[in-house]
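Please consult the sequence and the three-dimensional structure shown here before reading the points below. The briefing is arranged by topic.

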Amino acid sequence: MIKILVVDDSAFMRKVVTDLITDFPDMEVVGTARNGKYALQWLETNQTDMILMDVEMPVMNGIEALTKIKQAYAVPVIMLSSLSTKEITIEALALGAADFVEKPLNLMSINQEWVADFSEKIRSIYQKNRGTDYEHSSVINAFKQSAVSDKKLPTKIDALVIGASTGGPRALLKVIQHLPPRLQIPVFIVQHMPKGFTASFAQRLDAETRVTVKEVTDQMVIENCVYLCPGNYHMTIKNNLLQLNQQPKLHGTRPAVDYLFSSAASRYRQNLVAVLLTGMGRDGAAGMKDIKNYDGYTIAQDKESSVVFGMPRYAIEQKVVDEVLSLDKIAKKIRDIVR
């Protein structure tokens with residue numbers, strides 16, 4: 001049973017979240033608090049597996065509480081966010097929040113897609129925190145032993161594509177901080193994130209590095225900088241342009257990594273490197289297969305450094321990964337690739 005502490009200044013929101021969790025047979029709310037101060041007091045005498053916490057609260061807000069919780073406890077924190085608090089939400093991710101959930105616009109009528117994503121996110125982060133996120137498979141063990149396939153990194157690289165989901169924002173911040181002052185190739189990123197949050201995330205990424213980071217607009221001309229796909233759009237590459245579309249969700253998400261990876265494979269062929277970071281689900285593996293078919297090079301984040309190992313694990317199991325690396329080694333490798 002996953003034990004959860006719900007922290008929100010709105011009594012109505014606390015009840016909505018509590019009622020939702022009560023409907024899941026493997027979860028229970030073991031406590032509630034109306035601000036960060038009361039949450040910290042509760043934690044002094046109680047234990048929980050997960051904290052769902054509002055961003056904006058009186059007395060002690062989510063950022064202050066998160067900072068103190070991360071200093072004293074190993075419990076993962078998922079932020080409850082809205083578009084009005086998107087900048088603070090991005091800050092929370094940088095400070096160590098495991099992820100965030102966008103509050104539904106209509107609390108009286110929450111759609112099942114939101115509920116499914118909400119519950120799966122809790123389960124994935126909980127399982128990772130307990131070290132039970134997957135059973136070892138022979139394929140993954142083989143990669144852990146050899147780490148690298150026979151294929152070598154291309155001597156000529158024209159572009160780099162990165163895909164990420166749960167845990168991705170913090171991982172991408174680390175990667176961005178390692179970038180050199182000038183890029184020799186473009187970098188394209190798809191991060192599973194709701195509409196409205198990606199603009200703030202692009203601004204945060206841009207502030208963390210000396211290179212330019214842009215949230216993509218349709219028909220944007222490709223230059224040697226970092227491009228982030230906006231929420232609620234798929235991003236593809238055609239010739240020297242970035243194109244956005246709102247085709248149906250893929251793997252339950254829009255944007256989807258597969259659309260970027262597959263179009264980049266067709267455009268850059270053997271001169272493309274792809275990196276698949278932490279995230280739940282199966283997005284990215286099909287795109288990596290296309291990259292491999294064009295003789296490009298593929299890298300996946302390892303289990304130990306992933307918040308959720310779902311996406312990298314599935315790609316490894318599909319045998320479309322050339323190299324499995326920790327986040328630290330991925331950041332260093334990307335720095336070497338782009339300069």
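The structure is a predicted model. Helix α3 spans residues 62-72 and has several buried residues. The structure also contains 5 aromatic pairs, and an open sheet of 3 strands is present.

**Helix α3**

- The buried residues in helix α3 are Gly-62, Ile-63, Ala-65, Leu-66 and Ile-69. These residues lie on the same side of α3, because they cover an arc of only 160° around the axis.
- Gln-71 and Ala-72, on the other side of α3, are exposed.
- Packing partners of the buried α3 residues are the helices α2 (36-45) and α4 (86-95), together with the strands β3 (50-54) and β4 (77-81).
- Where α3 starts, the backbone nitrogen of Ile-63 has a side-chain oxygen of Asn-61 within 3.1 Å.

**Aromatic residues**

- A pair of aromatic rings is described by the distance between the centres and the angle between the planes.
- Of the 5 aromatic pairs in the structure, one is formed by Phe-188 and Tyr-227; this pair is stacked, because the ring planes are at 15°, with the centres 5.7 Å apart.
- The pair links distant parts of the chain, as Phe-188 belongs to strand β7 (residues 187-191) and Tyr-227 to strand β10 (residues 226-228), 39 residues apart.
- Both Phe-188 and Tyr-227 are buried.
- One aromatic cluster consists of Phe-24, Trp-114 and Phe-118. Over the ring of Phe-24 sits the charged end of Arg-123, 5.6 Å from the ring centre.
- The ring of Tyr-268 has the charged end of Arg-267 over it, 4.6 Å from the ring centre.

**Thr-166**

- Thr-166 is located in the loop that lies between β6 (159-164) and α7 (168-177).
- The relative accessible area of Thr-166 is 1%, so this residue is buried.
- Beyond residues up to four places away in sequence, Thr-166 touches Asp-99, Lys-121, Ile-125, Thr-278, Gly-279, Met-280, Val-307 and Val-308.

**The open sheet**

- Strands of a sheet pair through backbone hydrogen bonds, in either a parallel or an antiparallel manner.
- The order of the 3 strands in this open sheet is β9-β12-β11, and their pairing is antiparallel.
- β9 (220-221) and β11 (234-238) are the edge strands, each pairing on one side only.
- Antiparallel pairing of β9 with strand β12 (residues 241-245) extends over 2 bridges.
- Opposite Val-221 stands Leu-241 in β12.

Note on methods. Residues numbered from 1 in each chain as written. Predicted model: local features only at pLDDT ≥ 70, side-chain atom pairs only at ≥ 80, totals over all residues. Heavy atoms only, no water. Buried < 20%, exposed > 50% of the residue type's maximum accessible area, 1.4 Å probe, protein only. Helix = DSSP H or I, 4+ residues; strand = E, 2+ residues; numbered from the N terminus. Arc of directions from axis to C-beta. Contact = heavy atoms within 4.5 Å. Polar contact = N/O pair within 3.5 Å; in protein donor to acceptor, adjacent residues only side chain to side chain. Phe/Tyr/Trp six-rings, centres within 6.5 Å; stacked < 30°, edge-to-face > 60°. Lys NZ or Arg CZ within 6 Å of the ring centre and 35° of its normal. Pairing = 2+ DSSP bridges.
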